[in-house]
Amino acid sequence: MTAEHTVLDPRTMRNVMGNFCTGVTVITALDGDAPLGFACQSFTSVSLDPPLVSFCPARTSTTWPRIREIGTLAINVLAESQRTLCAAFAVSGGNKFRGVDWVPGDNGAPALDGALARVEATVETEHDAGDHTIVVARVTGLTALPSNGPLLFYRGTYGHFDRL
Ligand SMILES: Cc1cc2nc3c(=O)[nH]c(=O)nc-3n(C[C@H](O)[C@H](O)[C@H](O)COP(=O)(O)O)c2cc1C
């Protein structure tokens, strides 16, 4: 496809970008006694020294402003067995934590049972980026957990990883 034939509408952008397979995370924080969280695939490692990660919340997210206010969060990297859990964290409103096993992690943010890994962090900076924002967070804790393979997201559906 040449540049002049590329149609830059949101649906095409979503469809083409969907070819970039990612893992999925649930980003959590604790607001008093209330656990907060939302599903997020835009997570990436940014810098080793200092240790920084980033992710991109949508401006429409109702959970992100509450997590930003707390400033202390956990990025739970989902395992392939957590597809149903992921779907529950991808909807706005309701009690997303119903039936979910979790404990407060070292920084208080919910650590979800069964996750592949957990990155604890504090919000460092946030940058405007169209209908999303780019959050840069400083890593304060790292945990890899025994589990099965990763939950993947590709072309709008979930999958799992098979070694070649
Ligand atoms: C696989 C997957 C990946 C997602 N990645 C993101 C993301 O990177 N950023 C984002 O803001 N929303 C993402 N979402 C959508 C949010 O999870 C959803 O809009 C959010 O949970 C809405 O709830 P809230 O209003 O409580 O924030 C993703 C959803 C799914 C299913």
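The secondary structure of the protein chain comes to three helices and 12 strands, where helices (H or I, at least four residues) and strands (E, at least two) are DSSP runs numbered from the N terminus. This is a predicted model, in which local features need pLDDT of at least 70 and side-chain atom pairs count only at pLDDT 80 or more, whereas totals for chains, interfaces and linings use all residues. Residues are numbered from 1 along each chain as its sequence is written, and side-chain values use heavy atoms, with hydrogens and water left out.

**Overall dimensions and packing**

- For 164 residues, a compact globule would have a radius of gyration near 15 Å, and the 16 Å of the protein chain agrees with this; the radius is taken over C-alpha atoms, and the globule rule is 2.2 Å times the number of residues to the power 0.38.
- Taken along the principal axes, the box filled by the C-alpha atoms of the protein chain is roughly 50 × 40 × 35 Å.
- Of the 164 residues in the protein chain, 34% are buried, a class that means under 20% relative accessible area, with exposed meaning over 50% and partly exposed lying in between (1.4 Å probe, protein chains only).
- Among contacts in the protein chain with a separation of 6 or more, 65% are between residues 24 or more positions apart, contact meaning heavy atoms within 4.5 Å.
- The protein chain exposes about 9800 Å², of which carbon and sulfur atoms supply 56%; accessible areas come from the Shrake-Rupley method with a 1.4 Å probe.

**The seven-stranded sheet**

- Seven strands form an open sheet in the order β3-β2-β6-β9-β10-β5-β4, with antiparallel pairing, two strands being paired if DSSP finds at least two bridges between them.
- The edge strands are β3 (34-40) and β4, each of which pairs on one side only.
- From one strand to the next, the twist averages 35°, with axes fitted as lines to C-alpha atoms and angles running from 0 to 180 degrees between N-to-C directions.
- β4 and β5 run antiparallel and are joined by three bridges, and the bridge partner of S47 in β5 is L52.

**Backbone features in two loops**

- Most residues other than glycine have a negative phi, and most peptide bonds are trans.
- D49 and P50 are joined by a cis peptide bond with omega about 5°, and P50 lies in the loop between β4 (44-47) and β5 (52-55).
- R155, a residue other than glycine, has a positive phi near 50° and lies in the loop between β11 (151-154) and β12 (157-160).
- With a relative accessible area of 57%, R155 is exposed.
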